[in-house]
Amino acid sequence: MRLTVFSASALLVVCLLERVSGLQTIVGQYGETVEVPCNKGNAKAEEIFITKWKYTKADSSTGDLLVKSGSQNATASSDVDYHGRVNLTKDLSLLIAQAKLSDQKIFTCMVVIGADIFEYPVQVKIEKTPSAPTITNPATKMEMGKLTTLGECSTKDANPAANIIWLKNNIPLIADDKVIKVTTNVQTDKTTGLLSTSSKLEYAAVKEDLNAKFTCAVQHKSLASDLVSAPVTFVINYPTEKVSLQVLSADLIKEGDNVTLKCKADGNPPPSSYSFHIKGKKVKIDNSDTYTLTSVTRASTGEYKCSLVDNDTIANSVNITVMYLDINITRGKIVKHLDERFEATLTVSAAGVPQVSWSKNNAKLNAPPKFDKLKYSDSGVYECVVSMAGIVRKASFELIVQGAPVINKLTKRRSNDGNFKVLSCEAEGSPKPTVQWSINGTNATETPYVEGRITHRITIIPTVNLTVNCTVYNDLGQASKSLDVSTLYEEVTMDKREDSSDQTRVAVGVIIGVILAAVAIGLIYWIYMKRTRQGTWKTGEKEDGTLEESKKLEENQSQKAEV
């Protein structure tokens, strides 16, 4: 009994010394566990004698939650609102499970340390993220310039209440109560206390709002970014003010093409019928906005127009130019004579500036065919290609250069084995010349006829000396040349004689060479001896020979002088 009285007295004294710390605020999420720290989490359990958690009621009275003495387990109060929902952590923080809006109040941690009592109040607030927004009751259609309820956007179960904004093509709409009017309503759930927000948009549409995307977005402090609804579009009715006419075909229209005209009105809904003005004739087209011109010609070039069926003043027009290309040139075979002048003449009629190219026998030419003096090599197939705006025209002719044949060369040669002779007759002319020999030969061959030239060869074995004629002819004339041909035996004898004569000349040349070489050597030796002796007398030097030899030498010199 004494202990109880003493404890009560001590507690009373401690209460008188009680100190209240500053208010801390924490935010918990609805339906989750909220942790409320004691002394901002700095409480040391080993130093605390008694820990008690309590809360402040609406009438400012307090209610007990938990009490813990020393190392003993915490004892929960019988508070109905928190039965089974509260607990303590090792650092004496209060855990509140399944947080509700009613948990938004001040919770106080009271600790007894020695003879002191400390209180640490904490303000708890509960947040609830709102649901995604939806747009309901959308308008089926809107009239231009008239304030019409577009729809209603709503979000549910938030705390605090969510804010709703409206957007058009992702740009926020600002209410002015004239063309944009927004009405907002917030309702509280009687059971949970959560808040639901709805917003009604009234809007006066303009023509540009056709196909515009309207959305609503929810803003809330618990959200990192806004929640945006699915977009909705609306039908907007307005009358036609103007029409446009388009050409759906290619930019460059050429003869033979089909050209489609499309008339487009800016009204909504658009007209179902249009009037097309084709070359001064008005044609009504029902249930379509297009008109097709088939297989156009150059005569189709001009202005085309479309208009409303009941109002010709609302109209639009376009100009169409049909591209065309005509060429004129002499075709087929053109026959000309050798050395004659010729120039190809091409006439072009076109809607623009064409490109022209020429080729001969499929080989490209750098310039049109023009010749001051035709040659046989100028014969061939010439083609011109004229193009413009995707149109291509081609024309060709064959140029044939003709002339009486001539023989350019008539030759003979002996075969490599020496058993026969080969005669060649090279001719030029057009049409192709026919070659005829005055004798019969064998192994007759003929080169291909190219650019008016041909070479004909025959093989013969002449047994006597003879004169051979080559004659060439065509429809325009003929030519002949002759050639002397000797027998093979005579040519062989002549060759042998030439070989023997050559050998004799070689032998004589060798002998003469040897004689000249000997004379040259003797002459050189004599000059050498003469110069050596003359040099000894002139210098007055004594000879090593005897007196008798000297006298003989003087006698010889005297005799030479007399001679």
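I started with the rule: a disulfide is a pair of cysteine sulfur atoms within 2.5 Å. By this rule I got four disulfides.

Before going on, I noted that this is a predicted model, where local features need pLDDT of at least 70, side-chain atom pairs count only at pLDDT 80 or more, and totals for chains, interfaces and linings use all residues. Residues are numbered from 1 along each chain as its sequence is written, and side-chain values use heavy atoms, with hydrogens and water left out.

Entry one: I looked up Cys 425 and Cys 470, which are joined by a disulfide with an S to S distance of 2.0 Å. The torsion about their S-S bond is -90°, and the link is left-handed. Cys 425 sits in strand S39 (residues 421-430) and Cys 470 in strand S43 (residues 466-474), 45 residues apart. Strands here are DSSP runs of E with at least two residues, numbered from the N terminus.

Entry two: is Cys 425 buried or exposed? Cys 425 is buried, at 0% relative accessible area; buried means under 20%, exposed over 50%, and partly exposed in between, with a 1.4 Å probe and protein chains only. Cys 470 is buried too, at 0%.

Cys 263 is in strand S23 (residues 259-265) and Cys 306 in strand S27 (residues 302-308), so the pair ties together parts 43 residues apart in sequence.

Key: Helices (H or I, at least four residues) and strands (E, at least two) are DSSP runs, numbered from the N terminus.
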